[in-house]
Amino acid sequence: MGKHRRPGPPNQPSRAASPADANDPLAAYEKRRRAPMDVYRRHRPLHAGASHLRPDEPRALEAWDGFAYAPAGIAENLRAAQAWANERPHLSV
């Protein structure tokens with residue numbers, strides 16, 4: 001195992017950026033509009049610290065709007081925030 005090797009199985013492609021369609025003239029534009037690592041919903045603690053600390057406190061919900069993460073609401077605890085983040089959002093992009 002080399003010291004600069006990507007983690008994960010060697011027979012799988014990297015998930016960092018999915019391939020663009022060469023025949024689509026807007027492929028480069030649509031690639032820039034995708035969320036980083038294809039994470040369209042995320043949650044952040046309202047308090048300082050890691051997301052697993054104080055699981056009973058509220059979390060800020062953020063959704064990708066095509067250009068940046070925008071506030072989408074507040075969840076009452078970590079479990080509700082994770083459930084919201086793991087839902088399949090309806091993408092109009």
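Buried means under 20% relative accessible area, exposed means over 50%, and partly exposed lies in between (1.4 Å probe, protein chains only). The model is predicted: local features need pLDDT of at least 70, side-chain atom pairs count only at pLDDT 80 or more, and totals for chains, interfaces and linings use all residues. Residues are numbered from 1 along each chain as its sequence is written, and side-chain values use heavy atoms, with hydrogens and water left out.

**View 1. The protein has two helices and three strands.** Helices (H or I, at least four residues) and strands (E, at least two) are DSSP runs, numbered from the N terminus. Read from the N terminus, the order is α-β-β-β-α. The protein has 93 residues, and 20% of them are buried. A contact means heavy atoms within 4.5 Å. Among contacts with a separation of 6 or more, 27% join residues 24 or more positions apart.

**View 2. Five residues form the largest nonpolar core.** Such a core is a set of buried Ala, Val, Leu, Ile, Met, Phe, Trp, Tyr and Cys residues joined through side-chain atoms within 4.5 Å. The members here are L61, A75, A81, W84 and A85. Helix α2 (residues 78-86) supplies three residues, the largest share of this core. W84 is in contact with R41, R42, L61, E62, A63 and A72, leaving aside its neighbours within four places in sequence.

**View 3. Helix α2 has buried residues on one face.** L78, A81, W84 and A85 are the buried residues in α2. Seen down the helix axis, they fall within an arc of 125°, so they line one face of α2. The arc is taken from the directions from the helix axis to the C-beta atoms. An α-helix has 3.6 residues a turn, so residues three or four places apart point the same way. R79 and N86 are exposed on the other side of α2. The buried residues of α2 pack against β1, β2 and β3 (69-75).

**View 4. R41 and E87 form a salt bridge.** A salt bridge is a side-chain nitrogen of Lys or Arg within 4 Å of a carboxyl oxygen of Asp or Glu. A search of the whole structure finds three. Side chains of opposite charge can pair when their charged atoms come close. Between R41 and E87, the N to O distance is 3.0 Å. R41 lies in strand β1 (residues 41-45) and E87 in the segment after α2, so the pair ties together parts 46 residues apart in sequence. R41 counts as buried, at 18% relative accessibility. E87 counts as partly exposed, at 45%.

**View 5. E62 and R42 form a salt bridge between strands.** The closest N and O atoms of the two residues are 2.5 Å apart. E62 sits in strand β2 (residues 59-64) and R42 in strand β1, so the pair links distant parts of the chain, 20 residues apart. E62 counts as buried, at 18% relative accessibility. R42 counts as partly exposed, at 25%.

**View 6. W64, Y69 and R42 are shown around an aromatic pair.** Rings of Phe, Tyr and Trp (its six-membered ring) pair if their centres lie within 6.5 Å; planes under 30 degrees apart count as stacked, over 60 as edge-to-face and the rest as tilted. By this rule there is one aromatic pair. The ring centres of W64 and Y69 are 5.1 Å apart and their planes meet at 70°, so the pair is edge-to-face. W64 counts as buried, at 16% relative accessibility. R42 lies over the face of Y69, 3.7 Å from the ring centre. A charge sits over a ring if NZ of Lys or CZ of Arg is within 6 Å of the ring centre and within 35 degrees of the ring normal.

**View 7. R54 lies in the loop between β1 and β2.** R54 is not a glycine, yet has a positive phi of about 50°. R54 is partly exposed, with a relative accessible area of 43%. R54 forms a salt bridge with E57, the closest N and O atoms being 3.8 Å apart. E57 also counts as partly exposed, at 29% relative accessibility.

**View 8. D65 lies in the loop between β2 and β3.** D65 is partly exposed, with a relative accessible area of 42%. D65 touches R33 and A70, not counting residues up to four places away in sequence. The C-alpha atoms of D65 and R41 are separated by 9.7 Å, and the two residues are 24 apart along the chain.
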